[in-house]
Amino acid sequence: MNINELFKKKELVFSFEVFPPKSTSKIEVIYDTLEELKDLKPDFISVTYGAGGSLSQNRTCELSSLIKNKYGIESLAHLTCISSSKIEIDYLLGELKKEGIENILALRGDIPISNEIKSDFRFASDLIGHIKDFGGFNIVGACYPEGHIECRDLNKDILNLKLKEEAGASHFISQLFFDNNYFYDFLELKEKNNIKAKIQAGIMPVINTKQIERIVSLCGAKIPNKFMKIMSKYEHNSEALRDAGIAYAVEQMVDLISSGVDGIHLYTMNNPYVARRITKSISTIVKSINEEKLIV
């Protein structure tokens with residue numbers, strides 16, 4: 001199923017993200033997690049492109065196939081291109097097609113520490129255009145409400161978003177953020193630049209202090225004072241910190257839903273407990289607004 005069609009049927013699309021197990025682990029280690037996530041009935045589950053973009057260790061196709069063909073949930077396979085040649089990308093596209101995967105999140109990917117990059121695809125828009133020419137896939141893109149960590153000029157970032165849409169991206173999933181105002185400002189820029197594609201808001205519940213350090217270093221998301229005070233208050237109480245992080249994420253989502261966001265993409269970090277707590281908290285609201293669209 002083309003997941004872009006969900007936006008025509010639902011007022012709010014609600015989905016999860018998971019990551020593959022290590023290449024040294026059996027795929028079965030994620031079975032329990034998927035069983036629990038399945039019960040939460042997400043609209044789809046995206047699968048990150050693991051192992052730093054390594055083709056030889058990548059298990060994205062395997063896990064995407066498992067989610068769709070064993071658990072009956074539509075999957076969205078991440079695909080990065082900065083470290084891959086056209087031949088390698090075409091091989092992966094062929095493998096995904098064999099498994100019946102219809103949706104791809106096309107990303108440039110992080111520049112490796114070794115700085116060993118390949119020249120076939122410089123930007124995500126190049127990959128999007130190539131997948132469109134390859135045929136047979138619905139293509140999703142990424143967007144950055146606070147600007148990409150390598151491009152803090154939002155106007156340039158919006159132009160890149162427009163290029164992705166023109167290349168063939170049907171909808172976008174945002175980088176995580178902790179201040180909804182950044183997302184709302186980004187949506188205004190999107191509208192001013194006549195970008196029609198829907199955008200899902202990416203939300204990550206922070207349940208430990210290590211996450212904060214990693215998030216800031218990887219994507220540069222700004223941490224609001226309110227959130228920092230919560231983290232500081234409970235930094236020595238892991239259970240209270242977890243509950244506070246969940247509560248903050250729920251508060252973000254309720255505000256987004258009330259403001260008419262097109263969808264929410266929950267970065268689960270393969271933690272079904274957190275996903276369950278959050279889904280339960282917002283499920284009544286999600287069900288209510290989606291039923292309203294069906295009535296209309």
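**Reading a barrel and its cysteines**

Modeller: Strand S3 (residues 75-80) and strand S4 (residues 103-107) run parallel and are joined by 4 bridges; strands are DSSP runs of E with at least two residues, numbered from the N terminus, and two strands pair if DSSP finds at least two bridges between them. This is a predicted model, in which local features need pLDDT of at least 70 and side-chain atom pairs count only at pLDDT 80 or more, while totals for chains, interfaces and linings use all residues. Residues are numbered from 1 along each chain as its sequence is written, and side-chain values use heavy atoms, with hydrogens and water left out.

Colleague: Which residue in S4 does His78 stand opposite?

Modeller: His78 stands opposite Leu105.

Colleague: How many strands does the closed barrel have?

Modeller: The closed barrel has 8 strands, in the order S1-S2-S3-S4-S5-S6-S7-S8, and their pairing is parallel.

Colleague: How many disulfides does a search of the whole structure find?

Modeller: A disulfide is a covalent bond between the sulfur atoms of two cysteines, and here the term is used for a pair of cysteine sulfur atoms within 2.5 Å. The search of the whole structure finds 0 disulfides. Cys81 is in none, and the nearest cysteine sulfur, that of Cys151, is 16 Å away.

Colleague: Is Cys81 buried or exposed?

Modeller: Buried means under 20% relative accessible area, exposed over 50%, and partly exposed in between, with a 1.4 Å probe and protein chains only. Cys81 is buried at 0%, and Cys143 is buried at 1%.
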